[in-house]
Amino acid sequence: MAVYLGRNTSCGFSEEVTWGSPTSRTNWRPVASVSLSRKVTQVPRPDLKSDAGSAMRRNHFQSEEVCDGSASMVATYDNIGMMLKHGLGTLADAGSGPSSYTHTYTLAASPPTGLTVEAVRGTSTQSEVFEGVKINSLSLSVAAGEAMMLDLDFIAQTGATRGSAGAPSYGSNENLILHSQAGQFAFNSASYDLKSLTLKVENSLDRRQLLGSVLTSEPVRSDFMSVTLDVELEAVDALYNALIAGTQSDATITFTSGSRSIAITCQNAYLSTATDDIGDAGIVSMSCSFVCESDGTDEGLSILVTNSDSSGTQN
């Protein structure tokens, strides 16, 4: 059997009209890793039947198929809108061309219908197409010296047998979001220079195993959504004091490259931790965790992208 390599692994995405009904892939992204796969659970028959010549059980059956996994990719200004929409919940397009289109991604009570995801397996010329895919968690992270990464955790209904891979068609713009393009982080009318940040959205989706199928029915929310922001910076007393005082404010940061930008607004944020322990003679660092809340108008998170795409789900 020929050995194949991981290079040129990619994922293709498309929006489904009906959950679990696959659609042709429209948006392709190269990935750093992908683990989306089908797992089948086989269990022995639940009685005492044994082989006459041994003490071994006889027969088994499939109890369920679980389809889930993750993908990690470099975040760009132009190509991750479909994932942002399905990770947060809703999208509003505005603005005008050629480079001032705006796309606002905000939280929604129910997630979008779902995605079809095709995972091309490196140099194997094979891929696996997954249907009924929902994004259970989404994170954006970046540290000094790095490009921003987008990490997705999926719940899916099932996948097709691995077969001939589709031909990835990437967007014409590949503008990476880089650490050097970050503005200052703002909270409670003060600004700070960060060393790193991680924004995470948890959708709290649960699979639904019902009589009549080994596959899940459409996953639904079983708990509250949550949005958290973890940052690292050189220690400042103001954020420690804000933790003690229970200060609540929007927390914002914008990355800009020419006419393109991504502005992250963590709405109604408060500090849950602010740790600045001292253990050596060097610069004292601080790690802070912010929790976002809804106030009935601002739902907790807004991501505003400005680029040259007329649609916020463009490739």
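**Loops and backbone**

Pro-98 sits in the loop that connects strand 6 (89-96) with strand 7; helices (H or I, at least four residues) and strands (E, at least two) are DSSP runs, numbered from the N terminus. The peptide bond leading from Gly-97 into Pro-98 is cis, with omega near 5°. This is a predicted model, in which local features need pLDDT of at least 70 and side-chain atom pairs count only at pLDDT 80 or more, while totals for chains, interfaces and linings use all residues. Residues are numbered from 1 along each chain as its sequence is written, and side-chain values use heavy atoms, with hydrogens and water left out.

Two serines also stand out in the backbone. Ser-189 has a positive phi of about 65° although it is not a glycine, and its place is the loop between strand 13 (185-187) and strand 14 (190-192). With a relative accessibility of 86%, Ser-189 counts as exposed; exposed means over 50% relative accessible area, buried under 20%, and partly exposed in between (1.4 Å probe, protein chains only). Ser-204, not a glycine either, has a positive phi of about 55° and lies in the loop between strand 15 (194-202) and strand 16 (205-208). Most residues other than glycine have a negative phi, and most peptide bonds are trans.

The protein chain as a whole has two helices and 22 strands. Its C-alpha trace spans about 75 × 45 × 45 Å along the principal axes. Of its 315 residues, 41% count as buried. Among contacts (heavy atoms within 4.5 Å) with a separation of 6 or more, 70% are between residues 24 or more positions apart.

Strand 21 (residues 285-291) has two of its pairings described here; two strands pair if DSSP finds at least two bridges between them. Strand 18 (residues 226-234) runs antiparallel to strand 21 and is joined to it by seven bridges, with Asp-230 bridged to Ser-289. Strand 20 (residues 260-275) also pairs with strand 21 in the antiparallel sense, over five bridges, and there Ala-274 has Cys-288 as its bridge partner.

Ala-274 is also in contact with Leu-243, as are Leu-271, Ser-272 and Thr-273, leaving aside neighbours of Leu-243 within four places in sequence. Leu-243 belongs to helix 2 (residues 237-245) and is partly exposed, with a relative accessible area of 23%.

The largest nonpolar core has 59 residues, and those with the most contacts inside it are Leu-140, Phe-290, Leu-301 and Ile-303. Such a core is a set of buried Ala, Val, Leu, Ile, Met, Phe, Trp, Tyr and Cys residues joined through side-chain atoms within 4.5 Å. Beyond residues up to four places away in sequence, Ile-303 touches residues including Leu-84, Tyr-105, Leu-140 and Ile-264.

The structure holds one cavity of 30 Å³ or more. On a 1 Å grid over the protein atoms alone, a cavity is a set of points where a 1.4 Å probe fits but cannot get out, and lining residues have an atom within 4 Å of a point. The largest cavity contains about 80 Å³ of space, and of the 17 residues that line it, Tyr-77, Asp-78, Gly-81, Tyr-105 and Asn-307 are the closest to its centre. Helix 1 (81-88), strand 7 (100-107) and strand 22 (301-307) each supply at least two residues of this lining.

Key
On a 1 Å grid over the protein atoms alone, a cavity is a set of points where a 1.4 Å probe fits but cannot get out, and a pocket is an open set with protein on both sides within 12 Å along at least five of seven lines; lining residues have an atom within 4 Å of a point. Grid points are joined across faces, edges and corners, and a volume is the space filled by probe spheres set on the points.
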